[in-house]
Each structure stands twice: as C-alpha cells, then as structure tokens.
Amino acid sequence: MPGGPEVKPKSLLLLALTMAAVAAFGLKYSGAAISGEGKAHEAEKKVGIEKVSKTDAEWREILTPEQYRILRKQGTERAFTGKLWDNKKEGVYRCAGCGLELFASDTKFKSGTGWPSFWDPIAVNAVGVNVDQTLGMVREEAVCNRCDGHLGHVFNDGPKPTGLRYCINSASLTFDERKDEASEKEMEKSDKK
Ligand SMILES: [Zn+2]
C-alpha cells in the first residue's frame, strides 16, 4: 500500500493535536468561572473594596451561630431551608458578614437546588473565587471579597449570558428590598399637585 507506513505517524500527530486542542479548551473553560470571562452584564462595573478583618471572637459576637458556621467555617445550609432561596422580590443581596453588595435580584434565577442562585455578581470584583478541594471534590468556592466570608460555590452550568451558577447560602446573605420605584412614583405624584 503506497504511503502506508506514513499513515500511522500522521494519525498520531493528529491525535496529539486534538488532545492539545482539548487540553487548551479545557483550561480556557475551567478558567471562565474564575475570571468571569465572557460577561455581558452591567458593563463590568467595579466597586471600591476596603478589606474587613475581624478576629474569630469578633465574628462569633456579631454573627448568628448559623451565619458563623457558614461564613467563617465554610459550612453549607441544608437545601430548601434558607430564608432566601425562593425570594422573588426585587432588591440587593448583601454579605451577612460585612454588608457588601454582592448580587442583584435581576441575576437571580430558579435553579431548583434549594439555594439562592445567581448568574453574575453585582460588580466584577465583589465576589472572589477560590479553589476548594474539600470533601474529595474540586470546586470553586465563592467568597465575599471584602471580609473573605464563605458564600457558596460557583458552577459552570448556569444560564446565559455567563453560563455560571453562583450557588449561595441564604445564611451568608441579607436582602434589601428595592423601594426606589415606589418612592419615585410618590415623588411624581407630589410634583403634579
Ligand atoms: Zn463580606
């Protein structure tokens, strides 16, 4: 068969190239959650962050036992038990530890997991991501970038446009309901009088 002996090295080369491409794509893909690559939301706004650090005793004092267990000890609340997984009101979700704004209600979506789920943080630098290798899994841990409090985890199976799912414990969050629309209407009314 003419050229027969050359087929093997060629297909080996092709295989090597394919594997290199897969490896490169894999790296890019796994990097997406960390860097927030491909964001199409809120014009990449950044917030000023002054780090908050407290001693363990201080955290124990200001947090409830459940908040302390989750925010400071990387705990997880049981699914469908938190106060915010089914919250559909408009507003802003803040860190329960330091009050930093973390997520807006317009990026919250129904994930069916029993934990509040968002596809993007409120600002590009509000939520940090660490590699978490506990429990025999490699996961991406979401943390508050101001107090380093544990929030939950980030997964790559979220909705468009980011494809990310920030799976967050209710206990790590407080919720401020948005009231400006109502108050704006009130102001309009009083202007017309
Ligand atoms: Zn915080």
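What percentage of the 193 residues of the chain count as buried? In this predicted model, 28% of the residues fall into that class.

## Confidence of the model

The pLDDT averages 82 over the chain, and 70% of the residues score at least 70.

## Overall organisation

The chain contains 4 helices and 8 strands. Along the sequence, these elements follow the pattern α-α-α-β-β-β-β-β-β-β-β-α.

Contacts were also considered by their separation in sequence. Among the contacts in the chain with a separation of 6 or more, 60% are between residues 24 or more positions apart.

## The open sheet

An open sheet is formed by 5 strands, in the order β3-β7-β6-β5-β4, with antiparallel pairing. At its edges are β3 (117-118) and β4 (127-132), each of which pairs on one side only. In general, strands of a sheet pair through backbone hydrogen bonds, in either a parallel or an antiparallel manner.

Within this sheet, strand β5 (residues 139-144) and strand β6 (residues 150-155) run antiparallel and are joined by 4 bridges. Alanine 142 has glycine 152 in β6 as its bridge partner.

## Backbone geometry in the loops

Glutamine 74 counts as partly exposed because it has 16 C-beta neighbours inside 10 Å, a count that lies between the limits of 12 or fewer for exposed and 20 or more for buried.

For aspartate 148, which is likewise not a glycine, the positive phi is about 60 degrees. Aspartate 148 belongs to the loop between β5 and β6, the two strands joined by 4 bridges. Since 16 other C-beta atoms lie within 10 Å, aspartate 148 is partly exposed.

A cis peptide bond runs from lysine 160 to proline 161, with omega near 5 degrees. Proline 161 is situated in the loop between β6 and β7 (165-168).

Terms used. Residues are numbered from 1 along each chain as its sequence is written. This is a predicted model: local features need pLDDT of at least 70, side-chain atom pairs count only at pLDDT 80 or more; totals for chains, interfaces and linings use all residues. Two strands pair if DSSP finds at least two bridges between them. pLDDT is the predictor's confidence in each residue, from 0 to 100. Two residues are in contact if their C-beta atoms, placed from the backbone, lie within 7 Å.
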